[in-house]
Amino acid sequence: MRPALPAPFLKLPVAHRALHNLAAGRPENSRAAIRAAIAAGYAIEIDLQLSADGQPMVFHDDTLERLTEETGSVRARTSEALRQIPLSGGDGECIPDFAEVLQLVAGQAPLLIEIKDQDGQMGANVGALEQAAVAALQGYEGPVALMSFNPHSVAELARLAPHIARGIVTSAYVPEEWPELPRAVCNDLRNIPDFDRAEACFISHEASDLARPRVQALRDAGVPVLCWTITSSAEEAEARSFADNVTFENYLSPLPS
């Protein structure tokens with residue numbers, strides 16, 4: 001039996017990569033952004049990448065240059081080395097590891113965790129990051145959910161942690177926006193064919209594509225639909241006609257009264 005998505009994920013808006021704001025010294029996926037999201041009362045979305053020594057690190061990109069002064073692959077550095085790399089604009093903040101973030105959140109906010117695709121082609125070469133993430137979550141108390149764009153990753157999460165809610169991050173998969181993927185892969189993933197095979201219990205869909213019939217058919221069948229990434233109140237108002245909750249950034253989504 002698939003676990004249900006915990007209720008707080010359908011109530012509290014989800015701060016994308018935590019409540020980041022570079023002008024306030026809070027880079028995305030940083031401790032400062034996580035603390036700010038907790039203080040504001042939001043749910044939190046974070047991303048995981050794998051270090052060279054097999055540790056899950058809280059970082060979005062698979063390379064370092066956009067978010068730090070370093071270059072190269074995250075997977076080429078050990079967890080200890082990554083923990084020493086400052087985040088650009090972070091006033092001394094460095095890349096956190098997942099275990100530290102779990103200690104920081106400690107159940108104070110719902111935590112939505114995206115497992116970044118390690119295969120590179122949304123294929124079946126998965127397992128190491130999923131296993132490391134599930135191991136870190138052992139004994140954690142608080143609302144959590146796991147998700148990935150790669151359906152093979154979601155299926156692996158179902159195998160490793162059948163009790164944890166998991167979902168597929170879904171998209172319109174416009175080929176020009178996914179140059180790393182063959183057109184055939186985009187055409188396949190666009191229709192969300194792996195929802196049942198991966199034993200997913202929710203999706204988080206690209207906001208501009210929420211009206212897609214397949215997305216709304218899942219919602220009509222009772223599947224929770226989250227969406228990414230909302231950047232204004234006007235976008236949120238439109239998205240909420242088609243989705244059960246929003247993942248937001250660059251503005252403050254209103255909290256439920």
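The model is predicted. Strand E5 spans residues 144-148, and five of its five residues are buried. E5 pairs with strand E4 and with strand E6. Strand E6 also gives the most residues to the lining of the largest cavity.

**Strand E5**
- Val-144, Leu-146 and Ser-148 point one way from E5.
- Ala-145 and Met-147 point the other way.
- Residues on both sides are buried.

**Pairing with E4**
- Strand E4 covers residues 111-115 and runs parallel to E5.
- Four bridges join E4 and E5.
- Ile-113 stands opposite Leu-146 in E5.
- E4, helix H4 (residues 128-136) and E5 form a right-handed β-α-β unit.

**Pairing with E6**
- E5 and E6 are also parallel, and three bridges pair them.
- Leu-146 stands opposite Arg-166 in E6.

**The largest cavity**
- The count is one cavity of 30 Å³ or more.
- The largest cavity has a volume of about 50 Å³.
- Its lining includes Phe-149, Pro-151, Tyr-173, Leu-189, Ile-192, Pro-193 and Asp-194.
- Ile-168, Val-169 and Thr-170 also line the largest cavity.
- Strand E6 (residues 166-170) supplies three lining residues.
- By class, the lining has eight nonpolar residues, one polar residue and one charged residue.

Notes
Residues numbered from 1 in each chain as written. Predicted model: local features only at pLDDT ≥ 70, side-chain atom pairs only at ≥ 80, totals over all residues. Heavy atoms only, no water. 1 Å grid on protein atoms, 1.4 Å probe; cavity = no way out; pocket = protein on both sides within 12 Å on 5 of 7 lines; lining within 4 Å. Points joined across faces, edges and corners; volume = space filled by probe spheres on them. Helix = DSSP H or I, 4+ residues; strand = E, 2+ residues; numbered from the N terminus. Nonpolar A, V, L, I, M, F, W, Y, C, P; charged D, E, K, R; others polar. Buried < 20%, exposed > 50% of the residue type's maximum accessible area, 1.4 Å probe, protein only. Pairing = 2+ DSSP bridges. Right-handed = clockwise from strand over helix to strand, strands pointing away.
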